[in-house]
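Here's a quick briefing to read with the model open in your viewer. Have a look at the fold, then work through the notes below.

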Amino acid sequence: MKQKGIFYTILSAVSFGIMPLLCSQAYDLGANAETLVFLRNVFASMILFVLMKQKHISFAISRKDFMNTSLVGIFGITLTALLLYNAYSYISLGTATTLHFLYPAFVALINYVFYKEHLAKSTVLVLLAATMGIFFFFESDNGNSSMGILLAVASSISYAFYMTGVERRSLNQLNSYKLTFYLALIACFVMFFYNLVFNKMVWQLPPAAYGYAFLIGFGCSFFAVFTLQLGIKYLGASTAAIFCMFEPVTAVLAEWVLLGEALSVSKIMGCLLILGAVSVLILLDKKQSSASREELIEQFAD
């Protein structure tokens with residue numbers, strides 16, 4: 001079971017890691033971030049609709065759950081994709097993905113600031129180390145680099161909002177297919193009205209661009225999420241999160257091997273510092289969760 005969990009989690013991480021490369025190919029064909037966010041969610045919602053029908057999963061959702069899903073969908077999933085996809089236009093794919101992976105640190109900060117969770121000194125040191133890693137990516141006199149870094153870091157904050165929102169608003173109690181379907185559907189409507197105001201989407205694209213958008217929708221919103229759920233089932237969330245580190249590693253290696261992107265020493269150092277810090281943060285969280293379970297067992301025994 002453990003080997004299956006590791007396999008599925010790494011498969012999910014690699015799928016997520018290849019997504020930036022697909023975005024890059026679609027950009028070369030004339031697409032932009034707004035178009036890809038919309039098309040990705042259109043294709044994802046269509047796939048999920050068919051799957052829910054086949055599995056006889058009810059589409060019914062309470063008003064409270066829908067309101068919470070809308071909040072998380074707009075300021076979490078949709079905003080995350082919009083920020084991250086725009087970051088790809090300014091900085092390399094691997095850099096943006098690595099910076100986006102700061103979200104576990106922001107999850108810890110959100111829980112500390114808004115939900116008054118205890119923040120250990122070791123966790124504070126890890127958060128500082130992860131923050132220091134960001135500065136390795138800045139390039140002197142490069143405004144595009146600074147903008148891309150800000151967008152990528154902002155995407156990690158919005159994704160942290162999504163992660164905490166799903167847990168704190170009890171959306172994790174919903175069927176995962178149903179939750180993912182409504183998140184994708186909400187993103188479609190948000191991007192549609194967004195385009196009515198800003199007129200940013202590009203509709204006249206070659207078939208290949210729509211093909212890449214479909215692969216992003218299928219590979220990211222369905223396949224990667226599905227295999228990650230299996231990984232969590234067999235490993236647990238904390239252990240699976242460690243193997244999710246293959247996502248930024250895949251993105252960095254993919255742009256190096258397939259796109260010929262140069263890997264500077266500073267970028268390598270930044271990657272190692274951020275990924276190392278996040279790994280320690282996940283291990284600390286796992287240790288704390290284990291200690292809490294043991295404490296509950298002792299209290300029950302007493």
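Is Tyr-90 buried, partly exposed or exposed? In this predicted model, Tyr-90 comes out as partly exposed, because its relative accessible area of 37% falls in between the 20% limit for buried and the 50% limit for exposed. The rest of the notes cover where that residue sits, then the helices.

**Around Tyr-90**
- You'll find Tyr-90 in the loop that runs between helix 3 (63-87) and helix 4 (93-100).
- Tyr-90 and Ala-152 are 62 residues apart in sequence, and their C-alpha atoms are 9.8 Å apart in space.

**Helix 4**
- Helix 4 is mostly covered, with eight of its eight residues buried.
- Among those buried residues of helix 4 are Leu-93, Gly-94, Ala-96, Leu-99 and His-100.
- Thr-95, Thr-97 and Thr-98 of helix 4 are buried too.

**Helix 2 against helix 3**
- The axes of helix 2 (residues 33-54) and helix 3 come within 9 Å of each other and cross at roughly 140°.
- That angle makes helix 2 oblique to helix 3, because only angles over 145 degrees count as roughly antiparallel.
- As for handedness, helix 2 and helix 3 cross in a right-handed way.
- On the helix 2 side, the contact is made by Ala-33, Glu-34, Leu-36, Val-37 and Arg-40.
- Helix 3 brings Thr-78, Ala-81, Leu-82, Tyr-85 and Asn-86 to the contact.
- Sorted by class, this contact of helix 2 with helix 3 has six nonpolar, two polar and two charged residues.

Conventions
Residues numbered from 1 in each chain as written. Predicted model: local features only at pLDDT ≥ 70, side-chain atom pairs only at ≥ 80, totals over all residues. Heavy atoms only, no water. Helix = DSSP H or I, 4+ residues; strand = E, 2+ residues; numbered from the N terminus. Buried < 20%, exposed > 50% of the residue type's maximum accessible area, 1.4 Å probe, protein only. Axes fitted to C-alpha atoms, helices over the stretch in contact; angles between N-to-C directions. Parallel < 35°, antiparallel > 145°, perpendicular 65-115°, else oblique. Left-handed = near helix turned anticlockwise from the far one by under 90°. Contact = heavy atoms within 4.5 Å. Nonpolar A, V, L, I, M, F, W, Y, C, P; charged D, E, K, R; others polar.
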